[in-house]
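Below is a set of questions and answers on one protein chain, to be read beside its sequence and coordinates.

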Amino acid sequence: MTDVDFMRRALSLAAPGVGQTGDNPSVGCVIVAGDVVIGEGATAAGGRPHAEEFALAQAGERARGGDVYVTLEPCARRSTGGMSCADLLIGAGVARVVIATGDPHPFAAGVGVARLRAAGIAVTSGVMDAEARALNAAFFSRWDRP
Ligand SMILES: Nc1c(N[C@@H]2O[C@H](COP(=O)(O)O)[C@@H](O)[C@H]2O)[nH]c(=O)[nH]c1=O
């Protein structure tokens, strides 16, 4: 299985939620140990919880050292005041995060990636970028506006 295979699975988790997540984009997340999926999830209807929260809850302790595939840069701040997904991933001890595309929202906008890297997590971005942007086209056209 390749990065593209797992990202395709994450995108397919996010697809049914498009249009149901309010102001939030619909995001998919898959956590893998070796080649085995140990957790997965998508943004809940209404926009919360986030995809990573579901996937981490399912993976539990097995997430340590795992690879995470997520269709959007993990958030670095929450409007609800809870833990950001970047901090949750760091706390879980994952080894690598593969991201389809950056989050233009001011609650992430490069800060999520920078925080993961500062914590020693390997980050790869741009895997199926165009597909991820097309999936949440309304969200991206709203935030990418100058
Ligand atoms: N839906 C979604 C994200 N959405 C992003 O999270 C931020 C808003 O957080 P909040 O208002 O607290 O729900 C904002 O940057 C938005 O683009 N992020 C993720 O890591 N995973 C998810 O599943």
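Q: Is Gln-58 buried, partly exposed or exposed?
A: This is a predicted model, and the relative accessibility of Gln-58 in it is 46%. Buried means under 20% and exposed means over 50%. Because 46% falls in between, Gln-58 counts as partly exposed.

Q: Which residues is Gln-58 in contact with, leaving aside its neighbours within four places in sequence?
A: Gln-58 sits in helix H2. Its C-alpha is 8.5 Å from that of Gly-41, at a separation of 17 residues in sequence. With neighbours within four places in sequence set aside, the contacts of Gln-58 are Ile-38, Gly-39 and Glu-40.

Q: What is the order of the strands in the open sheet?
A: The sheet has five strands and mixed pairing. From one strand to the next the twist averages 15°. The order is S2-S1-S3-S4-S5.

Q: Which residue is the bridge partner of Val-30 in S3?
A: S1 and S3 are paired in the antiparallel sense, over four bridges. S3 (residues 67–70) is also joined by four bridges to S4 (residues 96–99), and these two run parallel. The S3 residue that stands opposite Val-98 in S4 is also the bridge partner of Val-30: Tyr-69.

Q: At about what angle to S1 does helix H1 run?
A: Helix H1 (residues 3–14) lies across S1 (28–33), S2, S3 and S4. Helix H4 (residues 111–118) also packs on the sheet, where it touches S4 and S5 and makes about 150° with the direction of S5. For H1 and S1 the angle is about 140°.

Q: Which element supplies the largest share of the largest nonpolar core?
A: This core has 24 residues, and those touching the most other members include Cys-29, Ile-31, Val-68 and Leu-89. At least two residues each come from S1, helix H2 (51–59), S3, H3, S4, H4 and helix H6 (137–143). The largest share is four residues, and it comes from H2.

Q: How many residues are in the other core, the one that includes Phe-6 and Ala-10?
A: In soluble globular proteins, nonpolar side chains tend to be buried together. Here the largest core has 24 residues. Apart from it lies another core, with Val-98 and Ala-100 also among its members, and its size is 12 residues.

Q: Is Met-128 buried or exposed?
A: Met-128 is in the loop between S5 and helix H5 (129–135). Although not a glycine, Met-128 has a positive phi of about 65°. Its relative accessible area is 13%, and because the limit is under 20%, Met-128 is buried.

Q: What is the relative accessible area of Ala-109?
A: Ala-109 lies in the loop between S4 and H4. Its phi is positive, about 40°, although Ala-109 is not a glycine. Ala-109 is partly exposed, with a relative accessible area of 46%.

Q: What is the omega of the peptide bond from Arg-48 to Pro-49?
A: Pro-49 is in the loop between S2 and H2. The bond from Arg-48 to Pro-49 is cis, with omega near -5°.

Terms used
Residues are numbered from 1 along each chain as its sequence is written. This is a predicted model: local features need pLDDT of at least 70, side-chain atom pairs count only at pLDDT 80 or more; totals for chains, interfaces and linings use all residues. Side-chain values use heavy atoms; hydrogens and water are left out. Two strands pair if DSSP finds at least two bridges between them. Axes are lines fitted to C-alpha atoms, for helices over the stretch in contact, and angles run from 0 to 180 degrees between N-to-C directions. Contact means heavy atoms within 4.5 Å. A nonpolar core is a set of buried Ala, Val, Leu, Ile, Met, Phe, Trp, Tyr and Cys residues joined through side-chain atoms within 4.5 Å. Buried means under 20% relative accessible area, exposed over 50%, partly exposed in between (1.4 Å probe, protein chains only).
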